Amino acid sequence: MVSMHDLPPGKRVSGYFAQKAQVLKASIFLTRKLFFADPQWVIPNIIAPFVFTMVAFFLFQGQTSGSSFLLYLVLGSGLMGMWGTTIYASANSIGFDRWNGTMEATLAAPVPLSWIALGRVLFNTLQGVLNAVFILVIGLAWFRVGFSLVNPAAFFLASVATFLSLSSFGLLLTTVLLLSRKGGFITNSMEIPVYIATGTMFPIILLPIVYLPFAFMLAPTWGIEAIRIAALPGYVGLPTTYWEDMVIMAAETFAYLGLAFFLFKRVEAYAKRIGTLEEY
Amino acid sequence: MQVLEQKPTDAESREWAVWVKGLTREYTTRNFFGGVTRSTWALSGIDFQIAYGELFGLIGPNGAGKTTTIKILTTLLTPTGGDALILGLDVRKDLYEIRRRIGIVFGGERGLYNRVSAVDNLRYFSDLYGVDPGVARKRIPQLLEVVGLAGREKERVEKYSRGMKQRLHIAKALVHDPELIFLDEPTIGLDPAGARDIRNMVRDLKAQGKTILLTTHYMFEAEELCQRVGVISKGKIVALDTPSELKNMVRDISVIDLKTYGATMDYVEALRALPIVVRVVADLESEQQSIRIQTPLGADLLPKVVAALPEGAKIIDRTIKEPTLEDAYLRLVEE
């Protein structure tokens with residue numbers, strides 16, 4: 001029989017990066033466990049993408065001019081799926097703790113809340129990637145979309161960069177939603193405008209000019225452009241090159257990250273001041 | 001024990017695990033335009049110290065300021081005024097270092113991820129607290145054994161009873177081997193056996209040399225476990241001493257404990273109206289009614305108590321007792 005006296009001392013990990021990596025790992029691990037513990041994960045990750053793809057294909061079926069247009073749709077649908085999952089899950093990544101009653105325990109941990117949230121957002125965006133892959137598979141298998149990429153390496157790089165930019169955007173949104181108990185309302189109201197403004201389904205150049213500044217401030221806009229340039233032969237979109245898109249996306253991603261970490265500090269200070277952040 | 005009147009030097013602060021002076025906290029409600037519509041002082045300047053290895057109790061009625069105090073000391077809430085040092089560290093500046101060295105047990109259902117297992121919960125919090133993974137691999141199974149959850153550690157927490165969840169809370173608070181442990185009403189809502197298990201664990205922690213701050217509603221628990229007790233009422237510490245010294249405050253009275261049937265509020269009021277009765281506390285809602293009468297007369301009061309009984313009511317049992325911490329507490333919080 002083990003007693004309290006037999007417990008080994010709680011030796012700690014040393015080093016800044018090792019500590020942060022441990023927090024990220026823990027956060028990703030727990031989010032994955034909680035995600036699969038809820039059988040409803042099938043709805044946003046299997047059923048919804050399937051419906052997205054179907055609607056997109058049947059809408060544009062008569063207007064297609066070759067397999068590259070179908071691939072355009074598949075990529076657009078995939079990014080819609082990624083964005084939908086990111087905004088929904090990221091918004092709830094910390095909000096979940098509020099209604100689960102674990103907000104206090106999370107806030108009491110000896111690490112900045114931003115690192116815990118980052119782990120959760122990374123996992124949520126990753127499942128958005130799986131969502132996009134699933135859409136691609138439906139497109140390839142069901143609609144016989146050709147999948148010959150112009151530059152596979154550039155496509156892969158742009159996809160990874162877009163994944164990271166979506167994660168940073170999700171992290172930024174988490175701070176806003178942390179402060180508001182009306183998180184669901186904000187989430188729902190953000191989803192469709194971003195689909196439109198980032199050009200997932202049609203080129204943003206078709207949008208009224210007043211919307212363009214908003215579109216250009218969204219890093220995924222540039223990510224989608226870079227992905228399409230790398231994937232589609234003869235793609236004509238914004239008057240920027242692949243690398244210009246990547247640089248702008250990287251700059252905006254770092255800006256989101258910087259702003260998110262700054263806001264997290266403010267949110268934590270605010271939470272300590274008001275003392276009601278854990279209330280649902 | 002010497003009580004410091006001002007912020008201690010580094011050397012002095014090393015003598016105290018917890019040092020609190022003039023701590024205040026105001027909650028404000030603001031309107032849409034940011035103007036203050038209501039202001040409430042949850043703490044109005046409290047002072048106390050806890051020595052290393054001491055088991056200190058904080059008792060008080062609901063809304064007295066116990067949870068606010070714990071939240072400030074665990075760095076979850078910023079104080080409006082005053083100073084608080086935890087293990088020599090400032091609660092305003094040294095948040096993460098304090099959090100690494102303390103453990104918190106929240107009472108009730110809060111603070112656990114119910115959809116995953118006990119092991120997953122402990123692994124998660126162990127990583128958040130930076131415990132070396134190699135140490136955690138040994139420590140977590142042993143902790144689960146210590147708290148009596150070995151064999152059920154892979155079940156989802158949502159399937160656990162209230163008592164099992166509370167034992168998991170204790171394991172969670174100990175996962176990083178803290179020096180100071182805050183127990184916020186750890187036995188609330190537990191059955192007698194579950195509560196006894198938790199109290200035994202608290203004793204073990206004390207025996208291991210941990211410093212403990214315990215808040216509780218149960219006076220016998222504070223009397224049984226704590227070396228010193230602070231009584232908090234309306235945001236102020238109204239008494240702070242050992243349980244036996246606190247009881248001395250009410251040595252002048254005896255307590256008549258009645259178990260009754262069919263007693264009414266009119267009867268309770270009639271007892272209160274008796275000139276030699278200090279205080280009457282009644283619970284008439286429970287299946288077995290209980291009435292507690294504090295009086296300097298002791299057994300001599302009984303004929304008057306019986307005479308005042310309404311028709312149809314009965315005294316099932318009666319006991320004359322020495323005053324307990326509860327009697328001292330009632331006097332303190334009602335004054």
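Reply: B:Arg251 is found in the loop between H9 and strand S11 (254-261) of chain B. The model is a predicted one, and what follows should be read as a description of that prediction. B:Arg251 counts as exposed, because 11 other C-beta atoms lie within 10 Å and the limit for an exposed residue is 12 or fewer. The C-alpha atoms of B:Arg251 and B:Thr211 are separated by 30 Å, the two residues being 40 apart along the chain.

The domains come next. Chain B is divided into domain 1 (10-247) and domain 2 (251-334). The C-alpha centres of domain 1 of chain B and domain 2 of chain B lie 35 Å apart. Contact between the two involves 13 residues of domain 1 of chain B and 8 residues of domain 2 of chain B. On the domain 1 side that touches domain 2 of chain B, at least two residues each are supplied by helix H8 (219-225), strand S9 (228-233), strand S10 (236-241) and helix H9 (243-248) of chain B. By residue type, that side of domain 1 of chain B divides into 9 nonpolar, 2 polar and 2 charged.

S11(B) pairs with strand S14 (residues 314-321) of chain B in the antiparallel sense, over 7 bridges. One pair of bridge partners is B:Asp257 and B:Thr319, the latter in S14(B). S14(B) is hardly covered: of its 8 residues, the count of buried ones is 0.

Strand S6 (residues 102-106) of chain B pairs with S7(B) in the parallel sense over 5 bridges. Strand S8 (residues 211-216) of chain B pairs with S7(B) in the parallel sense, also over 5 bridges. B:Leu183 can be followed through both pairings: in S7(B), B:Leu183 is the bridge partner of B:Val105, and in S8(B), the bridge partner of B:Leu183 is B:Leu214. S7(B), helix H7 (residues 192-207) of chain B and S8(B) make a right-handed β-α-β unit. B:Thr211, used above for the distance from B:Arg251, falls within the residue range of S8(B).

B:Thr75 lies in the loop between helix H2 (66-73) and strand S4 (81-86) of chain B. The phi of B:Thr75 is near 70°, a positive value in a residue other than glycine. B:Thr75 counts as buried because there are 25 C-beta neighbours inside 10 Å, where the limit is 20 or more. B:Leu87 is in the loop between S4 and strand S5 (89-90) of chain B. B:Leu87 also has a positive phi, near 50°, and is a residue other than glycine. With 20 other C-beta atoms within 10 Å, B:Leu87 is buried.

Now chain B as a whole. Chain B has 12 helices and 14 strands. The C-alpha atoms of chain B fill a box of roughly 70 × 50 × 50 Å, taken along the principal axes. Of the 335 residues of chain B, 46% count as buried. Among contacts in chain B between residues at least 6 apart in sequence, 70% join residues at least 24 apart.

Beyond chain B there is chain A. 36 residues of chain A are in contact with 37 residues of chain B. Helix H1 (16-37), helix H4 (103-107) and helix H10 (242-274) of chain A each supply at least two residues of the chain A side. The largest share of that side, 10 residues, comes from H1(A). The chain A side divides into 18 nonpolar, 9 polar and 9 charged residues.

Conventions: Residues numbered from 1 in each chain as written. Chains lettered and ligands numbered in written order. Predicted model: local features only at pLDDT ≥ 70, side-chain atom pairs only at ≥ 80, totals over all residues. Pairing = 2+ DSSP bridges. Helix = DSSP H or I, 4+ residues; strand = E, 2+ residues; numbered from the N terminus. Right-handed = clockwise from strand over helix to strand, strands pointing away. Domains from an automatic or database assignment. Contact = placed C-beta atoms within 7 Å. Nonpolar A, V, L, I, M, F, W, Y, C, P; charged D, E, K, R; others polar.
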